Amino acid sequence: MQRFLQAFRVGAWLGWKTESNWTNPLFYILWSLLLPMSNGLIMTMMLRVLQRTGNSSGADLLPYVFIGTVVYSIVALLLDSMAWAVLEDRERMGMLKYIAITPSSMYGYLWGRGFAKVSINFLAVPLTLTFGALVLDIPIRLSTINWPLLLVVVVLGLLIVTFAAQILAGVTLMIARHAGFVGQAVSGALYLFTGALFPITVLPNWMQVIARAVPLTYWLEGMRRALWVDAQNPVYNTGLNQLSTTNLLLILLASAVAMAVISIPLQRRAEHRAKEKGLLDMNTAY
Amino acid sequence: MQPEYAIRTVNLQRTYKTKERVLKALDGVDLAVRPGELFGFLGPNGAGKTTTIKILTTLLLPSGGTAEVWGFDVLHEADAVRRHINMVSGGESSGYGLLTVRENLWMFTQFHGMDSKLANKRIDELLEVMGLADRAKTRVSFLSTGLRQKMNYIRGLLTDPDVLFLDEPTLGLDVEAARTLRTYTRHWLDTNPGKTVVLTTHYMQEADELCDRVAIISGGTILACDTPTSLKYSLQQDVVFRLFTTPVAPAFLQAVEQIEGVQSISQRSGDQRDELSLILRDDAILPQVLSQLATHNAGLLSLEKRQPTLEDVFVNLVGHSLSESETTA
Ligand SMILES: Nc1ncnc2c1ncn2[C@@H]1O[C@H](COP(=O)(O)OP(=O)(O)OP(=O)(O)O)[C@@H](O)[C@H]1O
Ligand SMILES: [Mg+2]
């Protein structure tokens, strides 16, 4: 545990040092708003265009889409962060081997890197949601937010994504190639399968099966329920409105535990495999 | 609490499997290094030096045999091994470009759980030694390759390891910096009894002057392992000549190798002339070599009888000189 914390501290410190290299805090705020805001705006515009061309089912999906895309932006960032740290340290910095020979925990170090990434970018989510509420008239009101639910869902969701990121990092560690695409591919695919952009009911049946097996689907649903009073209204036909919030939380909890149970031995396995193949000081001619 | 051996390997094996072939990089390496030794690895490219170091630093698993560092098994007690070692490899430019020199170094002391104040004190001392003191606040991305390497060397020493692995640490350093590094490494060993250094190098002189013992490795096996003096002494019964000639053809070298009593001949081609190192069992064989020179239409420019060097030992064992292997590699 002490080794984990030590390494976590160093990882977080390094992440902050290298990724928040802002001379001016204003730039930082602008930067952290840019990505989720542009995502949110693009989706909003698309939705408006679609509704105008008459494809509307009557229900205004704007809050659904807006919350989904904004929350998902942090998923994408975090999911990729640890795999990226592995690649960057191994290939560009040539430092992974020097970290690997220290008596610290690589697992803890990667958690630190992931934590830095989330904490640097996290502010963007409430800021963008506020922007949505004020400018796009998204029905999120301080008085109607279910704060306790929000807190629980945020914590469980971040745990799930962090463990998932850890699994991706483990996979990257075992791949003898510049595997920068792994994280992107996964976060791209999940965008489709988590109902971030549209309710999963629009997917073909077999894809819905996949979507229902992805924990993040329930996370986004949980976030919507916490932030938006009308989230469970059957008119939106999200495919999840029958699910009680208690069961939703249980699914999230079980997922977090399951992901932890997979990720911890996987990391150990990945380190062993990397040592077997001599990949820790790999340089794949970046 | 020193172990009996700083490093001990028995029948160490390592194979690399690629799509095309299976390569035996280490083929039964036995090593026994005592605490306090400065132990050198000398060998041509691809001999297995880096592979050995990677196994000993827990970066790579052996395919067979056993290896212990500071009394701990590299396979089953990797964490314990890591508490006692550090490693520096030369000829690369590693480091976090966005961090300053000091931040880079400090970061690594934290992986070892070092007290921050002590760490900074040591960083200052070592920056001073390596002549980097005025660069402490410079971003690493602004450092030249050589300066990064000095920083890397400091990183290796910073945690005060019991066994320090240096893989070609002076590769790419200028003469002055290389000398500083060698002198300091020796000084560090002399002032910290029991500390052990394993060094790989291509520079004969570095191995000769610096190392207490040298292992000559080629093709994944150790051909000889002794003090530089004893290694050279093994050639003492032989005579070593250095000849400068007009350029000679490979046929000449082959003809000389056929002569009874010629231990080895190696060639270093220069501008307009060749330098030949000749190891003979006896002075009396020299005339035969010279007559071959005439047969092959080459002229003798100068001839000198000299003491055997480590290079001669190397040539005698490996069959060619280090510089030759570098040009053909
Ligand atoms: N990851 C790898 N995959 C396949 N073969 C490898 C790998 N690493 C090293 N080898 C091969 O193993 C052999 C030994 O390599 P090693 O790096 O140990 O040599 P070395 O003595 O350090 O050489 P040099 O003086 O060039 O640094 C070489 O033939 C090399 O090509
Ligand atoms: Mg090498």
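**Helix α9 and its sheet in chain B**

Let's start with cover. The buried residues of α9(B) are covered by, among others, β12 (262-269), β13 (274-280) and α10 (286-295) of chain B. Buried means under 20% relative accessible area, exposed over 50% (1.4 Å probe, protein chains only). Helices (H or I, at least four residues) and strands (E, at least two) are DSSP runs, numbered from the N terminus.

A word on the source. This is a predicted model, where local features need pLDDT of at least 70, side-chain atom pairs count only at pLDDT 80 or more, and totals for chains, interfaces and linings use all residues. Residues are numbered from 1 along each chain as its sequence is written, chains are lettered from A and ligands numbered from 1 in the order in which they are written, and side-chain values use heavy atoms, leaving out hydrogens and water.

Which residues of α9(B) are buried? Phe252(B), Leu253(B), Ala255(B) and Val256(B), in a helix spanning residues 250-258. They sit on the same side of α9(B) because their arc around the axis is only 160°, taken from the directions from the helix axis to the C-beta atoms. On the other side, Pro250(B), Gln254(B) and Gln258(B) are exposed.

Now the sheet. It is open, with 4 strands in the order β12-β13-β11-β14 (chain B), paired antiparallel. Two strands pair if DSSP finds at least two bridges between them. The edge strands are β12 and β14 (300-306) of chain B, each pairing on one side only. β11 (residues 239-245) and β13 of chain B share 7 bridges, in the antiparallel sense. Phe244(B) stands opposite Glu275(B) in β13(B).

Note on methods: Contact = heavy atoms within 4.5 Å.
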